[in-house]
Every structure is written in structure tokens, then in C-alpha cells.
Amino acid sequence: MTAPYTSPLAQDLAPDVLSRFERYVRIDTQSRRDRERSPSTPGQLDLGGLLVKELRQTGLDDADLDDNGYVIATLQGNVEGQTDHLAIGLIAHLDTSPDAPGAGVEPIVHRSYDGGVIELPRGGTRLDPAAMPELQDKAGHDLLTSSGDTLLGADDKAGVAEIMSAAAYLASHPDLPRPTLRIAFTPDEEIGEGATLFDIARFGALCAYTIDGSERGELQDETFSAYEAVLTIDGVDVHPGQATGKMVNAVRLMARVIAALPSDTLAPETTAEREGFIHPYELSATAGRAQLRAIIRDFDEELLEQHARLLQRTAHDVVDSEPRARLDIEIRRQYRNMGQYLEGVPGVVEAAEAAIRAEGLEPIRTPIRGGTDGSRLSEMGLPTPNIFTGGHEYHSVREWASLHDMAAATATIVRLAEVWTRPEHASASKMRQPASR
Ligand SMILES: [Zn+2]
């Protein structure tokens with residue numbers, strides 16, 4: 001039996017969000033890590049171009065795709081006296097992850113999911129509710145999967161389809177009050193570049209919401225703070241036949257550094273929830289030179305600094321014992337926990353909570369053990385928490401989404417527009433302009 005939708009509005013929106021989603025996921029928009037230009041891959045421009053066309057058909061005449069692959073569009077507000085100062089942003093990303101095949105996606109709709117194991121036609125891929133706790137709650141939902149040999153692309157085409165669908169609904173329902181909505185679809189989020197060329201001044205929104213989360217009801221206003229570290233050890237390379245007393249092997253030194261790092265604690269595989277880590281993830285080494293890449297993560301800035309110092313100290317302790325070896329450590333900031341920027345503008349998260357409640361759901365507040373476009377946008381001055389999409393098992397061929405939950409996300413966006421026209425939010429927003437940093 002088909003499960004009920006969260007609301008009649010969600011039920012109304014479901015067919016449109018489904019048809020958009022099926023259209024968008026068929027375009028290969030996988031991003032590439034070694035990017036030479038923005039966007040990193042041309043497929044993202046294909047999807048961007050299609051979205052511009054559809055936005056204009058919906059009446060968002062200023063919709064535009066810029067040279068860097070950013071789609072920007074405006075749905076004008078319709079509440080007198082509010083539209084000039086109040087614009088709210090909605091953001092999703094065009095690209096899909098480089099970590100699973102992203103070309104030739106053929107989505108499958110599983111109507112009224114029976115709660116059992118789903119066998120996909122290709123690649124022997126199985127979705128087993130025993131291994132996927134979130135699937136256990138979805139009996140009766142209409143589910144979407146790939147055919148088993150590609151990712152689905154719900155990350156983040158679910159978010160794209162939901163914003164598109166909500167904007168189209170609001171445009172055709174002028175009786176529903178709304179602030180001015182600024183829409184952005186960003187390229188290359190999966191390779192950490194979605195915010196890089198985002199023009200916040202031109203976007204001109206007071207705050208924004210990424211639609212890029214997962215389980216129904218989720219609202220995320222905290223992410224990791226993040227460093228990347230590159231350690232380089234130069235040894236002394238000599239022909240092994242003449243190495244006696246001369247060779248200093250960088251491979252051995254780096255191996256000792258890695259072995260000296262904590263692994264029972266402070267590792268991604270041994271931590272959870274609010275615990276941070278040091279994660280060595282790439283190593284290249286010869287006897288002459290060894291290079292290690294590691295990421296450092298924590299929700300707390302002071303703890304993040306402590307982890308960085310621990311990594312530095314550990315490397316120095318090992319390498320300094322060999323005066324002929326040289327150690328170089330570069331530590332680069334990647335992004336910061338958005339929580340510290342959202343604290344100062346509580347109305348932003350409160351409005352999202354009110355919208356989720358208006359859809360009959362209880363907001364689930366979870367910190368993200370990672371970053372989003374919103375981590376960097378919040379730091380750049382655009383407070384941007386993250387709202388659920390209804391998609392799961394991202395970056396894998398087992399990726400799936402619930403159409404019921406995607407419809408709930410779309411309805412939540414429609415309700416978010418209304419929430420921002422309520423006097424308490426519209427006026428609070430004027431008083432709490434985010435501090436420029
Ligand atoms: Zn995403």
C-alpha cells in the first residue's frame with residue numbers, strides 16, 4: 001500500500017518534482033578533481049543551460065548561466081513593502097561526485113516499496129534494509145534508484161529538482177505570500193569549489209539555504225572546520241650499494257610518522273558524532289622524498305588547532321631525530337564550521353525550523369561530519385544552513401531517494417517562502433544583518 005504524503009501540498013508537487021528529477025539525472029554532471037577551469041566538466045553547463053531554459057519558461061526572466069557555470073535567477077517577492085530589502089537564497093549544486101560512475105544514469109521508480117531487499121538490474125547491486133537503517137522506514141514510499149552500475153545523482157539533483165519545482169509552484173500561485181527568492185545552482189561542490197567563484201554581492205540575499213541534506217526533516221547548521229596538511233620529508237638518496245652510513249630513507253621516516261599518529265582515537269574510522277580526527281589519505285614516497293596528504297577535522301576551532309599541532313609535533317619528533325633529513329609542513333584552511341556564523345543570526349535557522357514544522361515534520365538537528373557549500377558561504381558572509389532532500393547513500397551505486405520525502409522537501413521550500421513574509425521574520429532580518437567578516 002502506498003504511504004500517505006506529508007501533506008496535500010507535497011502530494012500535488014510530487015509528479016512535477018519526479019519528472020524534473022528524471023530529466024536532470026540523465027545529464028552527466030560528474031565533476032573532476034584536477035580542475036583546470038570552472039566548471040571542471042562540460043556536462044554541468046548542459047544541465048545549467050537546461051535549467052535556465054526551464055526557469056525562463058516559468059517566468060523567471062533574468063535566469064542566467066555565467067561563464068563559470070553558475071545559474072542565478074530571481075523570483076520577485078509579492079508582499080508590499082518587503083520586496084526591496086528582503087531576498088532569501090535557495091542553493092543546490094549541479095555536479096555529482098567523482099567517486100562513483102556518473103554517466104548513463106537510468107533512474108528506476110519503485111512504486112510503493114514493499115520493505116524488502118531491492119535487487120537492481122545491473123552490477124549485482126542490492127539495497128538491503130538490514131544494512132540501511134533509513135530504508136527500513138520507507139515501506140509504502142515511491143523510491144528512486146539507479147540501475148545499479150552508476151550513482152543516482154540525488155546528491156544534489158534532488159535539491160535542484162526541489163528548488164525548481166517549488167519556484168514553479170510559487171510562480172503559478174501568486175496568492176501565496178513570498179519574499180524575493182534568489183536561486184543559485186553551483187558547479188563543482190563535490191570537489192570543494194562550489195563557493196569559490198560565488199558572487200555573494202551580486203546574489204544579494206540576506207541568507208540562503210542549501211537543499212543538499214538527506215533524511216526527511218533534517219536541518220543542519222553545523223559542519224566540521226577543516227584543514228588540509230601536506231607533509232614532505234626529504235631524505236638522502238644514494239645507490240643502495242654505496243649507501244652505508246650515507247642514505248637517509250624518506251620512506252622509512254614517513255612510515256614512522258604515520259605509525260606515531262593516533263589511530264585508536266582521532267581517526268575517521270574510530271570516531272563519531274562530534275569527535276574530530278586526523279586522516280592521512282594519500283602517500284607517495286621514494287627513498288629520497290616522501291609526501292603525505294592528510295585532512296584535519298573538528299567542530300571546535302580550538303580542538304582543530306590542537307590536532308594540527310599534534311600532527312606537526314609528531315612529524316618533528318620523528319624527523320628531527322635525523323639531522324640530515326628535512327621536513328616541510330604546509331597546512332591550509334579548507335572551510336570553517338558554519339555554526340559560528342549562524343549563531344549571530346538565529347532567525348535564519350528558526351525560519352527553516354518553522355517551515356519544516358509547517359510541513360508537519362519535527363526538525364532533526366544533526367551536525368554534518370563534512371562540509372557543504374554553506375560552510376564557506378557562511379564564512380564569506382552569506383549565512384547558509386542545509387535542508388534535507390530525501391536522498392541517501394550518496395556517492396555510491398546504491399544511492400536512493402524517496403519521492404515522498406523529495407515532495408516533502410519541495411513543500412518545505414514553498415512553506416519557507418511564506419515563513420519569511422511573517423512580520424517576526426521579515427523585521428528580525430532587518431535588525432540582524434550578518435556581520436561582515
Ligand atoms: Zn551534495
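Q: Hi! Which helix does Ser165 lie in?
A: Ser165 is part of helix H3. Keep in mind that this is a predicted model.

Q: Thanks! Is Ser165 buried or exposed there?
A: Buried: its relative accessibility is 1%, and the cut-off for buried is under 20%.

Q: So what is Ser165 in contact with, leaving aside neighbours within four places in sequence?
A: Ser165 is in contact with Leu13, Asp16, Val17, Arg20 and Thr410.

Q: And H3 as a whole, how many of its residues are buried?
A: 17 of its 18 residues are buried, so H3 is largely enclosed by the rest of the structure.

Q: How far does H3 reach from its first C-alpha to its last?
A: H3, which covers residues 154-171, reaches 24 Å. That is close to the 26 Å expected at 1.5 Å a residue.

Q: Let's bring in H1. At roughly what angle do the axes of H1 and H3 cross?
A: They cross at roughly 130°, and the axes come within 8 Å. The two helices are therefore oblique to each other.

Q: Which hand does that crossing of H1 and H3 have, left or right?
A: H1 passes H3 in a right-handed crossing.

Q: Which residues make the contact?
A: From H1 you have Leu9, Leu13, Asp16, Val17, Arg20, Phe21, Tyr24 and Val25.

Q: How do the residues of the contact of H1 with H3 divide by class?
A: There are 13 nonpolar, one polar and four charged residues.

Q: What about H1 and H2, how do their axes cross?
A: The axes of H1 (residues 8-25) and H2 (residues 43-57) cross at roughly 150° and come within 10 Å. That angle is over 145°, so H1 and H2 are roughly antiparallel to each other.

Q: Is the crossing of H1 and H2 left-handed or right-handed?
A: Right-handed, with H1 passing H2.

Q: Which residues of H1 and H2 meet?
A: Arg20, Arg23 and Tyr24 in H1 meet Leu47, Leu50, Leu51 and Glu54 in H2. By class, this contact has four nonpolar residues, three charged ones and no polar ones.

Q: Changing topic: where is Leu342 found?
A: Leu342 sits in helix H7, which runs over residues 339-342. Leu342 is buried, with a relative accessible area of 3%.

Q: What is Leu342 in contact with, leaving aside neighbours within four places in sequence?
A: Its contacts are Asp221, Val348, Val349, Pro383, Thr384 and Pro385.

Q: How many residues along the chain separate Leu342 from Asp221?
A: They are 121 residues apart along the chain, while their C-alpha atoms are separated by 7.0 Å.

Q: Which residues of H5 and H6 make the contact?
A: Leu253, Arg256, Val257 and Ala260 of H5 contact Thr314, Ala315, Val318 and Val319 of H6. Six of the contact residues are nonpolar, one is polar and one is charged.

Conventions:
Residues are numbered from 1 along each chain as its sequence is written. This is a predicted model: local features need pLDDT of at least 70, side-chain atom pairs count only at pLDDT 80 or more; totals for chains, interfaces and linings use all residues. Side-chain values use heavy atoms; hydrogens and water are left out. Axes are lines fitted to C-alpha atoms, for helices over the stretch in contact, and angles run from 0 to 180 degrees between N-to-C directions. Helices (H or I, at least four residues) and strands (E, at least two) are DSSP runs, numbered from the N terminus. Angles under 35 degrees count as roughly parallel, over 145 as roughly antiparallel, 65 to 115 as roughly perpendicular and the rest as oblique. A crossing is left-handed if the near helix is turned anticlockwise from the far one by less than a right angle, and right-handed if clockwise. Contact means heavy atoms within 4.5 Å. Ala, Val, Leu, Ile, Met, Phe, Trp, Tyr, Cys and Pro count as nonpolar, Asp, Glu, Lys and Arg as charged, and the others, Gly among them, as polar. The expected span of a helix is 1.5 Å times one less than its number of residues. Buried means under 20% relative accessible area, exposed over 50%, partly exposed in between (1.4 Å probe, protein chains only).
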